[in-house]
Amino acid sequence: MKKNILPLLIAIVSIAITFPAHSQVITKYGDNVSTLDGIMKAYYGVVTVKKGEKVSYERDSLLHIANAHVGAGYVDKQGKQQFSYMTLKEYHKLADPSLSKNGFDEREIARRVEKFGSIYHVWSTYESRNTADGPVTERGINSIELFNDGTRFWILAWFFDGERKDNPIPAEYLK
């Protein structure tokens, strides 16, 4: 029996060396930021709130690199294309009261990913509602830039534009 233990130990050590364990990075809010799927789930989860609840800026800031900026494309009252650009903190000051007052449920319905080295670009098509089972109030695309430091993903920036009659979501972004 002792003869069989040495080959078994050698096999176990060989496997451990060949397939190093990748530890998961979990934020204090339970968000797994070590995978693209995990950080995308957290990205949508952080802004999804029931009516009367508060959005957590702290939770969201743990997903983003320091000094991340966010923005939105939109059409103003004169019909001119505009772009709003701000820090993540400024965004929360602007958006959180409305999200909490009305409730907000946003979910990803399609994703396209481009990657080069440690940089990822995610085109994430979304649907928004006021409640999880309510009617869709908006659809659009989030353009999200991420960095993977070898351990976890960090959101560098994100921007979105909503679907409109003059700005329909292309079919390839719905797959």
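Analyst: The largest share comes from α2, with four residues of the lining of the second largest pocket. Bear in mind that this is a predicted model: local features need pLDDT of at least 70, side-chain atom pairs count only at pLDDT 80 or more, and totals for chains, interfaces and linings use all residues. Numbering starts from 1 along each chain as its sequence is written, and side-chain values use heavy atoms, without hydrogens or water.

A pocket here is an open set of points on a 1 Å grid over the protein atoms alone, where a 1.4 Å probe fits and protein lies on both sides within 12 Å along at least five of seven lines. Lining residues have an atom within 4 Å of a point. Volume is the space filled by probe spheres set on the points, which are joined across faces, edges and corners.

The second largest pocket holds about 230 Å³. Its lining has 15 residues. Nearest its centre are Tyr-91, Phe-104, Glu-106, Trp-158 and Phe-160. Two or more lining residues come from each of α2 (36-47), α4, β5 (138-148) and β6. Helices (H or I, at least four residues) and strands (E, at least two) are DSSP runs, numbered from the N terminus. By class, the lining has ten nonpolar, two polar and three charged residues. Nonpolar covers Ala, Val, Leu, Ile, Met, Phe, Trp, Tyr, Cys and Pro; charged covers Asp, Glu, Lys and Arg; the others, Gly among them, are polar.

Now the largest pocket. Its space is about 280 Å³. Of its 18 lining residues, Ala-72, Tyr-74, Tyr-91, Leu-94 and Phe-160 are the closest to its centre. β1 (64-75), β2 (81-87), α4 (88-102) and β6 (153-162) each supply at least two lining residues here. This lining divides into ten nonpolar, five polar and three charged residues.

For context, the chain has four helices and six strands. Their order from the N terminus is α-α-α-β-β-α-β-β-β-β. Of its 175 residues, 37% are buried, meaning under 20% relative accessible area with a 1.4 Å probe, protein chains only.

How far can the coordinates be trusted? The average pLDDT, the predictor's confidence in each residue from 0 to 100, is 91, and 88% of the residues score at least 70. Residues 15-20 fall below 50, and this stretch has zero contacts (heavy atoms within 4.5 Å) beyond near neighbours in sequence. Where pLDDT is low, predicted coordinates should not be read in detail.

Note on methods
Buried < 20%, exposed > 50% of the residue type's maximum accessible area, 1.4 Å probe, protein only.
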